[in-house]
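Colleague: I have a chain open here and have not looked at it before. Can you walk me through it?

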Amino acid sequence: MTDTGTLGLAVVGAGYWGKNIVRNFGRVTGAELLAVADLSEANRTRAQSIAPGARMCTDVADALTDPRIGAVAVCTDAASHHEVALAALSQDKHVFVEKPLTLNPEHSEELVEVARARGLVLMVGHLMIHHPAVRWIKGQLDAGELGEAYYLHLQRVNLGVVRKDESAWWSLAPHDISMVLYLFGDTPTHISARGAAYLRPGNEDVVFANLMFADGRMAEIHTSWLDPHKARRMMLVGSRRMVTFDDTLPAEKVRVYDKGADRTVDYDSYADLITLRQGDIWIPAIRGTEPLLLECQHFVDCVVSGKTPDTPGQQGLDVVRILEAGQRSMAQDGAPIQLPRD
Ligand SMILES: NC(=O)c1ccc[n+]([C@@H]2O[C@H](COP(=O)([O-])OP(=O)(O)OC[C@H]3O[C@@H](n4cnc5c(N)ncnc54)[C@H](O)[C@@H]3O)[C@@H](O)[C@H]2O)c1
């Protein structure tokens, strides 16, 4: 706790993405950013200009020497998430970890178990679950406005950022997989994926994956960092309505299509008759708060109140299991891989 009775925070990793975390943890209520750790001097200098009141240090151990720090945000490269997060949990700090939680399921299981045993909050940075548009679509789905969910199609492509430690699958797909789990409220039974590594052997630049659910629902995910267009799209087809979400648009990101196919009985032939419904298209007004600020505030609120986060460590583990199974499928020419059920 800080002198003013608020939660003391540290951010570890202030690189390309971490600087945004530093900026947003400086804006939350109920907490104060006390320290930023980064191995790079240039990144520490930049972080200092964003958070002038925070102490700059080189590593997590140095940051945690301040007893007022109660929670740590881990925004280092994915390969070091496990080590840095474990160091913070072992000192009884609540932890936020950027996606993907870790680069293998065993490491994620360990973090989830350590946090559980010590009664600490472990939250993963599945940013899209905090996006007002995604929340709105989930609300419509749960209220039955879209009918029964049939399938999801998601596309997250761009030219870059090309990474070394993570493939396009591990870097980009956590966003899409977490949205699928959230919207469908379930984990898939199987995954089948095909990918190709054109730039660096063994590090896929483009991946097409199909997630199958026990009740027949499906989700198709396309991720790439080798694409001329930036696309952040999702389409949900339901039995009553269809919805599209385009996160590259500055506003009016969601469109609802009153389109579908109705099955009636043709009494002349007593056969099934499919009639297509071409209804209105409307654009709902959705409040546009920055998802990253909502995510950072949610972490602070969960630590302060003891509430389980909407994106808990367990969800991070579920996503990592799907990523890893997708990787195995790619190694087997797209063969369906069965996923474990907890
Ligand atoms: N939520 C999102 O939309 C989003 C977007 C981009 C990246 N990310 C995630 O954020 C994480 C960081 O990505 P990035 O693009 O910022 O990477 P980056 O390489 O730009 O930055 C990582 C930083 O961590 C520092 N670092 C590494 N190990 C450290 C350690 N042990 N102690 C202190 N500092 C250490 C490095 O010096 C570097 O500055 C990744 O997990 C990435 O997947 C999330």
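Predicted model: local features only at pLDDT ≥ 70, side-chain atom pairs only at ≥ 80, totals over all residues.

Colleague: What is the bridge partner of Val-12 in S2?

Modeller: Val-12 is paired with Ala-37.

Colleague: And what kind of unit do S1, H1 and S2 make?

Modeller: Together, S1, H1 and S2 form a right-handed β-α-β unit.

Colleague: Why is S2 largely enclosed by the rest of the structure?

Modeller: S2 covers residues 31–37, and six of its seven residues are buried, so the strand is largely enclosed.

Colleague: Changing topic. Which domains does the assignment give?

Modeller: The domain assignment gives domain 1 (7–127 + 292–320) and domain 2 (129–291 + 329–338). Their centres, taken over C-alpha atoms, are separated by 28 Å.

Colleague: How many residues are in contact between the domains?

Modeller: On the domain 1 side there are 25 residues, in contact with 20 residues of domain 2.

Colleague: What about the inside? Which residues of the largest nonpolar core touch the most other members?

Modeller: That core has 71 residues, and the ones touching the most other members are Ile-137, Leu-152, Trp-169, Ile-177, Val-180, Ile-191 and Leu-211. Helix H7, residues 168–184, gives the most to this core, with 10 residues. At least three residues of the core come from each of domain 1 and domain 2.

Colleague: Take Leu-152. What is it in contact with?

Modeller: Leaving aside neighbours within four places in sequence, the contacts of Leu-152 include Val-180, Leu-183, Phe-184, Met-218 and Met-234. Glu-220 is in contact with Leu-152 as well.

Colleague: How many residues does the other core have?

Modeller: There is another core of 29 residues, apart from the one of 71. Its members include Ala-31, Ala-73, Phe-96 and Leu-127.

Colleague: Now charges. How many salt bridges does the structure hold?

Modeller: It holds 17 salt bridges. In one of them the side chains of Glu-290 and Arg-23 meet, at 3.4 Å from N to O. That pair links distant parts of the chain: Glu-290 is in the loop between strand S14 (271–282) and helix H8 (291–305), whereas Arg-23 is in helix H1 (residues 18–25), 267 residues apart.

Colleague: What does Glu-145 form with Arg-241?

Modeller: Glu-145 and Arg-241 form a salt bridge whose closest N and O atoms are 3.2 Å apart. Glu-145 lies in the loop between helix H6 (132–142) and strand S7 (149–159), and Arg-241 in the loop between strand S11 (226–238) and strand S12 (242–246), so the pair ties together parts 96 residues apart in sequence. Arg-241 is buried, with a relative accessible area of 16%, whereas Glu-145 is partly exposed, at 30%.

Colleague: Which residues are linked in a network of salt bridges?

Modeller: Glu-145 and Arg-241 are in it, linked with Asp-258, Asp-262 and Arg-277.

Colleague: Which residue forms a salt bridge with Arg-328?

Modeller: Glu-324 does, with the closest N and O atoms 3.2 Å apart. Both residues are in helix H9 (residues 313–331), and because they are four residues apart there, about one helical turn separates them. Arg-328 is partly exposed, at 37%, and Glu-324 is partly exposed, at 24%.

Colleague: Last one. Where is Ile-281?

Modeller: Ile-281 is in strand S14. Its relative accessible area is 47%, so Ile-281 counts as partly exposed. Not counting residues up to four places away in sequence, Ile-281 touches Arg-255, Val-256, Tyr-257 and Lys-259.

Definitions and conventions
Residues numbered from 1 in each chain as written. Heavy atoms only, no water. Salt bridge = Lys/Arg side-chain N within 4 Å of Asp/Glu carboxyl O. Helix = DSSP H or I, 4+ residues; strand = E, 2+ residues; numbered from the N terminus. Buried < 20%, exposed > 50% of the residue type's maximum accessible area, 1.4 Å probe, protein only. Core = buried A, V, L, I, M, F, W, Y, C linked by side-chain atoms within 4.5 Å. Domains from an automatic or database assignment. Contact = heavy atoms within 4.5 Å. Pairing = 2+ DSSP bridges. Right-handed = clockwise from strand over helix to strand, strands pointing away.
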